[in-house]
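Please take a moment with the sequence and the model shown below.

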Amino acid sequence: MSSLTEPILEIRDLVVKRGGRTVLSVEHLDVQQGEVLAVIGPNGAGKSTLLLTLSRLLPPDQGVITLRGQPFEAESALSYRRRIGLVLQDPLLLDVSVFGNVAMGLRFRNLPRKLVTERVNEWLGRLGVAHLKDRRAHALSGGEAQRVSLARAFALQPELLFLDEPFSALDAPTRTRLLEDFHALLQATSMTTVFITHDLDEALLLGDRVAVLLQGRLRQVGRPQEVFTAPADRDVAAFVGVETVVAGQVVAAQEGQLIVETSGMQLAAVGDLPVGKEVMLCLRPEDVTLWPEDGLPLSSARNRLKGRIERIIPQGPLVRVVMECGFPLVALITRASAQEMELVEGQAVTAAFKASAIHLIPR
Amino acid sequence: MELIWEGIRNAVILLFTFNAEVIQITLLSLQVSGMATMISLLIGLPLGTWLALGRFWGRGFTLSLINTGMALPPVVVGLWVSIFLWRSGPLGDLGWMYTPTAMVIAQMIIAAPVVTGLTAASLQQLDPRLQLQLLGLGASRNQMVWALWREARLPLLAALMAGFGSVISEVGASMMVGGNIRFQTRVLTTATVLETSKGEFGMAIALGLILLLLAYLVNLALTWIQQRGAQPG
């Protein structure tokens, strides 16, 4: 993990409008020196708008953005853009050689030819595509092209690297290999990076911190574990995969152990909330285990709910089971478990989960 | 059939005996159309780029005007250039009527919309995100435009070929503003018209063949440059 001390980029009260409609509104966001900030959100959330604004390719309607304490306006857009690197979803290589593509940004900066050659060779090597140096860029595969695109950005040795879903168009094996290499490269270089993605796995792997952008608004920023297990609100919970979100009220509290009533049932949870507080209960599907209706042995799972299976949705090696327990409850189990238990729709089962698996959002 | 063979025979004789008048006509054709195409390129390349990349009010309307201009009838161009350059016209004092300069102006007016329209189309067919990527790589506005021209070099060369093709083959405007004056403003197309009107079909066919050969050689050179750029590396 990189050290998180000095903010390199700061955003305050940023508003971007399109056709009179606000498409992005960020009150405050900073990027620390050396960190990887993963910005996650669904399509249309304003992620790319944020990246283009930070790259000074889209003017904001209001707000202050500072790079190393200097506001945007303190230098020309060209000068600012020569301090950053930008990688878009598609590699967008020009119809010249691989070398020519990686050299392009360096040539724009009028760097000496010798230095250009050195940098290009170095970064083609570090991205594992040195052997493609003389190949025409349009003849590359998707994975090779994205490696060249990354080499092109890294070769600039930018102060700040912006990436907009660079792996989303790749097939799964290529994406996995490239992600691993890219992760290693980020760790080796300590490159300050803002990484846009809608893929939660990528955010978990790469992000030192995660920012959740929903409907143009920044809803939560924090460590990945924090965001994924303790979402700030119902929408964030839904986006990060917390599929069971129900309203409830704290009815008892003692030494951090809570009893929360929801849909006429009482559930054990952990937290520091007063009695009477209205809350949203959030539960991740992988934290729920299923048992035959009366077959649950003694265990540490404080919550046991009887219910009936409404839907069984196969998802590769896993099976998503939607139950009705007074409220809809989703469990994610392996296909082998589902087969062993001979689960069918309409079957009565018992769901169990620990008090600590419940995340409470005060309302 | 005899007439056609005679024409071909005449053409070969005229070409290989280096007939002075034919060479003068051919060189003038090349000079006038080449100059007109080059000026069209100087106007059409930046104008087409501005229309393709710019975002301003009236852009669509301007593009539609340019596209209409691609089908501008040469005789209409000839008429308006004549009106302007006529002795009593607004530019009559320049004394350009019935000179190669007038022919260059008329041909430039014909070729410029072709080069402009095809330049705009060439650049518009590029991925619009390419501009963002180039700017994101630290390109200045001029460096970005240069890189986009380079990327669209094949269709841009096609635009140049289309521009040259539209003027080397036109006759109406050249006839009207040049006057088809022997040794002064006679070019291959106007000479072909004259020989045909005199019933000298053999000579007319010969001139027509030379015109075709000329157009072919220029386009062959441009195609060679174009396809060199298209070969896989």
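A:Asp235 counts as partly exposed at 38% relative accessibility, where partly exposed means between the limits for buried (under 20% relative accessible area) and exposed (over 50%), with a 1.4 Å probe and protein chains only. This residue forms a salt bridge with A:Arg219, and the closest N and O atoms of the two are 2.4 Å apart; a salt bridge here is a side-chain nitrogen of Lys or Arg within 4 Å of a carboxyl oxygen of Asp or Glu. Because A:Asp235 lies in helix H9 of chain A and A:Arg219 in strand S10 of chain A, the pair ties together parts that are 16 residues apart in sequence. Helices (H or I, at least four residues) and strands (E, at least two) are DSSP runs, numbered from the N terminus. The model is predicted, so local features need pLDDT of at least 70 and side-chain atom pairs count only at pLDDT 80 or more, while totals for chains, interfaces and linings use all residues. Residues are numbered from 1 along each chain as its sequence is written, chains are lettered from A and ligands numbered from 1 in the order in which they are written, and side-chain values use heavy atoms, with hydrogens and water left out.

A:Arg219 has a further partner, for A:Asp233 also forms a salt bridge with A:Arg219, with the closest N and O atoms 3.2 Å apart. This pair links distant parts of the chain, since A:Asp233 sits in the loop between helix H8 (224-229) and helix H9 (234-239) of chain A, 14 residues away from A:Arg219 in strand S10. A:Arg219 itself is partly exposed, with a relative accessible area of 23%. Side chains of opposite charge can pair when their charged atoms come close.

The phi of A:Gln215 is near 50°, a positive value in a residue other than glycine, and the residue is exposed, with a relative accessible area of 67%. Most residues other than glycine have a negative phi.

Seen as a whole, chain A has ten helices and 20 strands, and its C-alpha atoms fill a box of roughly 75 × 45 × 40 Å along the principal axes. Of its 363 residues, 53% are buried. Helix H1 (residues 47-54) of chain A is mostly covered, as seven of its eight residues are buried, among them A:Leu50, A:Leu51 and A:Leu52. This helix is followed by A:Arg56, whose phi is positive, near 60°.

Chain A meets chain B through 25 of its residues, which are in contact with 21 residues of chain B; contact means heavy atoms within 4.5 Å. The area buried between the two chains is about 2000 Å², and carbon and sulfur atoms give 58% of it, where buried area is the accessible area (1.4 Å probe) that two parts lose on being put together, summed over both. Two salt bridges are found across this interface. In one salt bridge, the side chains of B:Arg153 and A:Asp95 meet at 3.7 Å, N to O. The side chains of A:Asp90 and B:Arg129 likewise meet in a salt bridge, at 2.8 Å, N to O. A:Asp90 lies in the loop between S6 and H3 of chain A and B:Arg129 in helix H6 of chain B, so the pair joins two chains.

Helix H6 (residues 129-136) of chain B is largely enclosed by the rest of the structure, because six of its eight residues are buried. The buried residues of this helix pack against elements of both chains, including helix H3 (98-108) and helix H5 (142-154) of chain A and helix H7 (141-151) of chain B. After the helix comes B:Gly138, whose phi is positive, near 95°.

Two further places in chain B may be set side by side. B:Phe18 lies in the loop between helix H1 (2-16) and helix H2 (20-53) of chain B, and counts as exposed at 62% relative accessibility. B:Ser174, found in helix H9 (residues 172-178) of chain B, is buried, with a relative accessible area of 1%.
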